Amino acid sequence: MPRLDPDLRRACEEQVPGTLFALASRFLPPPERDRVLALEALLSAVRTVPVTVSDPGVALAKLTWWQQEVERAVGAQPSQHPLVRALAETGVLESLSPDVWRALVLDLAAQVDRPAASDLL
């Protein structure tokens, strides 16, 4: 598996700076490090939405966008977002289950101060 493009690697690393993951991932072999970094960066970006976005409507819109962006990429439509592109480049996207991804996003939507988490379906 080729190494992650330096610009995509930088985008992923900027999403997880100073975390325990950032320290622990240094012990992974390089190809696996890229795959795990890409996935952790995406999860970090999505997990923070309910706690960093104060407007429930905006938070749900962001989560909906992330859900749709990843699902489009899984469906072979190229993404413009560097974190999703990193998933594709490392091969993680190929093994990402749309059902598991949707369940994760719905769970995060349930954490937003708005009862309409089902709007994401």
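## Exercises: a helix pair and a pocket

**Exercise 1.** Which residues of α3 and α5 meet?

*Solution.* Start on the α3 side: Leu42, Ala45 and Val46 are the residues to look at, and across from them in α5 sit Leu63, Trp66 and Val70. Now sort them by class: the contact of α3 with α5 has six nonpolar residues, with no polar and no charged ones. Keep in mind that this is a predicted model.

**Exercise 2.** Work out how the axes of α3 and α5 cross.

*Solution.* First find the helices: α3 covers residues 30-47 and α5 covers residues 56-74. Their axes come within 10 Å and cross at roughly 155°. Next, bring in the cut-off: angles over 145 degrees count as roughly antiparallel. So α3 is roughly antiparallel to α5.

**Exercise 3.** Describe the largest pocket: its volume, its lining and the residue classes there.

*Solution.* Begin with the space, which is about 160 Å³. Then walk along the lining: Arg9, Glu13, Val16, Pro17, Gly18, Phe21, Ala22, Ser25, Arg26, Arg33 and Leu37. Which elements give two or more residues to this lining? They are α1 (6-15), α2 (20-24) and α3.

**Exercise 4.** Check the confidence of the model, for the chain and then by element.

*Solution.* For the protein chain, the mean pLDDT is 88, and 92% of the residues reach 70 or more. Going element by element, α2 has the lowest mean, at 83, while the highest, 95, belongs to helix α6 (residues 82-90). Back at the pocket, remember that α2 is one of the elements giving two or more residues to the lining.

Notes
Residues numbered from 1 in each chain as written. Predicted model: local features only at pLDDT ≥ 70, side-chain atom pairs only at ≥ 80, totals over all residues. Heavy atoms only, no water. Axes fitted to C-alpha atoms, helices over the stretch in contact; angles between N-to-C directions. Helix = DSSP H or I, 4+ residues; strand = E, 2+ residues; numbered from the N terminus. Parallel < 35°, antiparallel > 145°, perpendicular 65-115°, else oblique. Contact = heavy atoms within 4.5 Å. Nonpolar A, V, L, I, M, F, W, Y, C, P; charged D, E, K, R; others polar. 1 Å grid on protein atoms, 1.4 Å probe; cavity = no way out; pocket = protein on both sides within 12 Å on 5 of 7 lines; lining within 4 Å. Points joined across faces, edges and corners; volume = space filled by probe spheres on them. pLDDT = per-residue confidence, 0-100.
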